[in-house]
Structures are given as structure tokens and as C-alpha cells.
Amino acid sequence: MPSQTIKASTITCPTCGKTNKVPTAAEGRPRCGNCKNPLPWIVDAEERDFTEVAEQADPLVVVDLWATWCGPCRMVSPALEQVARELAGEIKLVKVDIDRNPRLAQRFEVQAVPTLLILDKGELVARRAGAAPAGALRSWIEQVMTGRDSKEG
């Protein structure tokens, strides 16, 4: 295993309010060290760690391909974070700045931002472009989750 510093972010548990360090890449799904409830998993990824952070994750991964200059991206980001909090333990939100990671934008044929992808164990299972409110995003994600559950059952 390569010796590298594990990137992590600090997440406040929505249930008990305790702060937790959550790694950007890990096996399983993050839980609060205090109350053991699922934590929202919201991370940034770059070209060099995208495979480990997004494609090898166990929960369904929602990838937000965005750009700093994009107005709709700034609108959809809080909505996606809200959905990630609501679906804590069920999804992982991975944010990718396409200007800093042009090879990922090219790989996923991004023609408009924001572009949202859903990956299931690294496989692209859904995609949509453009901003939407939290309710519409959650419905879209839950639809994909329902399809995933019926395949596994």
C-alpha cells in the first residue's frame, strides 16, 4: 500500500452534532463515532484520485462535474449537498472542478455544466445536465437507487 496522506474532511453529524473526520476514500460507509448514525459523504476528487474516491466506493456515487464560473453550478451545489445529507449512508457525493480536471471532463464527454453522473461500483448508470432543485435531484437519485435494488434482489 503506498504511503500517502489520507485526505479527509470534517463533517458535523446531523443527528448528534459531533464533528467527525471522514476520509475521501475508504471501504464501507462513514458513521458518526459518537451516535453511530450514517454521515453525509461529500468529497472533492481530482484526476489523480478519482478512481479511488469515486469508482471504488461502495454506495451509489453522485458525481457533480462543475466549474467555478458557472452560475447554475453554484445553485445546484447546495441542493446536492442537502440531498447527500438526507440520503446519508446511501450515497456519496463527489465534486469535480472540470477546469482543474479537464481529462475527467473529456472522459465523461461533458458538454454543459453542471453535469451530474451516478456511478454504481464504477459503472455509469445515469447522467443529467443542468441545475435542478433538491427535490427533483433526490427523486432522480432515488429512481436510480430503486433500479439498483431491484437488480441486486
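**Fold and packing of the predicted model**

In strand S2, threonine 19 is the bridge partner of threonine 12. The structure described here is a predicted model. Strand S1 covers residues 8–12 and strand S2 covers residues 19–23. The two strands pair in the antiparallel sense over five bridges. Six residues lie between the strands of this hairpin. Glycine 17 takes a positive phi there, near 85°.

The protein has four helices and seven strands. From the N terminus on, the elements run β-β-β-α-β-α-β-α-β-β-α. The radius of gyration is 15 Å, close to the 15 Å that the globule rule gives for 153 residues, so the protein is as compact as a globular protein of that length. The C-alpha trace spans about 45 × 35 × 35 Å along its principal axes. Of the 153 residues, 45% count as buried. Among contacts with a separation of 6 or more, 61% come from residues 24 or more positions apart. The accessible surface comes to about 8,300 Å². Carbon and sulfur atoms account for 49% of that surface.

Five strands form an open sheet. Their order is S3-S5-S4-S6-S7, and the pairing is mixed. Strand S3 (41–44) and strand S7 (123–129) stand at the edges. Each has a single partner strand, so one side of each is left without a neighbour in the sheet. The twist averages 20° from one strand to the next. Strands of a sheet pair through backbone hydrogen bonds, either parallel or antiparallel.

Both senses of pairing occur in this sheet. S3 and S5 pair in the parallel sense over four bridges. Within S5, lysine 95 is the bridge partner of aspartate 44. S4 and S5 are also parallel, and seven bridges link them. Here valine 61 has lysine 92 of S5 as its bridge partner. On the antiparallel side, five bridges join strand S4 (residues 60–66) to strand S6 (residues 115–120). Leucine 116 in S6 is the bridge partner of aspartate 64.

Helix H2 packs on the sheet. The helix touches S3, S4, S5 and S6. The direction of H2 makes about 160° with that of S5. H2 has 16 residues, 71–86. From its first C-alpha to its last, H2 reaches 24 Å, close to the 22 Å expected at 1.5 Å a residue. An α-helix has 3.6 residues a turn, so residues three or four places apart point the same way. The buried residues of H2 are Cys73, Val76, Ser77, Ala79, Leu80, Val83 and Ala84.

Strand S5 (91–97) is mostly covered. Seven of its seven residues are buried. In a regular strand the side chains alternate between the two faces of the sheet. In S5, both faces are covered. Ile91, Leu93, Lys95 and Asp97 are buried on one side. Lys92, Val94 and Val96 are buried on the other.

Tryptophan 66 lies in strand S4. This residue is partly exposed, with a relative accessible area of 23%. Buried means under 20%, so tryptophan 66, at 23%, is not counted as buried. Leaving aside neighbours within four places in sequence, tryptophan 66 is in contact with Cys73, Lys95, Val96, Asp97, Ile98 and Val113. Cys73 is one of the buried residues of H2. The C-alpha atom of tryptophan 66 is separated by 9.5 Å from that of valine 76, 10 residues apart along the chain.

Some backbone features remain. Most residues other than glycine have a negative phi, and most peptide bonds are trans. A cis peptide bond joins valine 113 and proline 114, with omega about 0°. Proline 114 sits in the loop between helix H3 (102–107) and S6. Glutamate 109 has its place in the loop between H3 and S6 as well. Phi of glutamate 109 is positive, near 50°. Glutamate 109 is exposed, with a relative accessible area of 59%. Lysine 36 also has a positive phi, near 70°. Lysine 36 lies in the loop between S2 and S3.

Terms used. Residues are numbered from 1 along each chain as its sequence is written. This is a predicted model: local features need pLDDT of at least 70, side-chain atom pairs count only at pLDDT 80 or more; totals for chains, interfaces and linings use all residues. Side-chain values use heavy atoms; hydrogens and water are left out. The expected span of a helix is 1.5 Å times one less than its number of residues. Buried means under 20% relative accessible area, exposed over 50%, partly exposed in between (1.4 Å probe, protein chains only). Two strands pair if DSSP finds at least two bridges between them. The radius of gyration is taken over C-alpha atoms; the globule rule is 2.2 Å times the number of residues to the power 0.38. Contact means heavy atoms within 4.5 Å. Accessible areas come from the Shrake-Rupley method with a 1.4 Å probe; for residues, only the protein chains shown count as cover. Axes are lines fitted to C-alpha atoms, for helices over the stretch in contact, and angles run from 0 to 180 degrees between N-to-C directions.
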